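Me: I would like to learn how to read this structure. Where do we start?

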Amino acid sequence: MGTPRRDTAGPGQESVWDYPRPPSAEVTPRRVVVELGGRVVARTSRAVRVCETSHPPVYYVPREDVVPGVLERAAGSSWCEWKGAATYWDAVVDGRRHPAVGWSYEQPTAGYEHLRGAVAFYPSRVDRALVDGEQVRAQAGDFYGGWITADVVGPFKGEPGTRGW
């Protein structure tokens, strides 16, 4: 399957089809907030924004900006050809376990060292994820954790029929 027809980016928008491969990873001053179990569990203005061709951005929150004691290591792992081995995290809020809400790279590969220990939350597995006050939409697909905001256009990998991208 070839590259799909791009959505047209308007003023102030960027196309995920202009994102690089391998992905970029840059610290952003945008305000990122994650809510779960009726509480703010993460808040930062120094997230690492990872952008990869065909995917909406993923925001990695420095561990110091996650409420202490919320994260507990989850079972399983996966491998990213660019960033290395991923560790998965459950969240425990008010005694309730929320399984596999996020992932991190505890020993990222060269070029992605600033991701070490930062946690990316799946927007589909938390109550709300916000960027600069805008509630994000989750990237489709069980595996993907992209954050879709009004300033990015697709189409996005993860939708039905995108497996071959």
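Reply: Start with the aromatic cluster: ring pairs link Tyr60, Trp103, Tyr105 and Tyr122. This is a predicted model: local features need pLDDT of at least 70, side-chain atom pairs pLDDT 80 or more, while totals for chains, interfaces and linings use all residues. Residues are numbered from 1 along each chain as its sequence is written, and side-chain values use heavy atoms, without hydrogens and water.

Me: What counts as an aromatic pair?

Reply: Rings of Phe, Tyr and Trp (its six-membered ring) pair if their centres lie within 6.5 Å; planes under 30 degrees apart are stacked, over 60 edge-to-face, the rest tilted. The structure holds six such pairs. Tyr60 lies in strand E6 and Trp103 in strand E9, so the pair ties together parts 43 residues apart in sequence. Strands here are DSSP runs (E, at least two residues), numbered from the N terminus.

Me: Are Tyr60 and Trp103 buried or exposed?

Reply: Buried means under 20% relative accessible area, exposed over 50%, partly exposed in between (1.4 Å probe, protein chains only). Both Tyr60 and Trp103 are buried. Phe143, by contrast, is exposed, at 53%.

Me: Which charged end sits over the ring of Tyr122?

Reply: The test is NZ of Lys or CZ of Arg within 6 Å of the ring centre and within 35 degrees of the ring normal. Here the charged end of Arg125 sits over Tyr122, 3.9 Å from the ring centre.

Notes: Helices (H or I, at least four residues) and strands (E, at least two) are DSSP runs, numbered from the N terminus.
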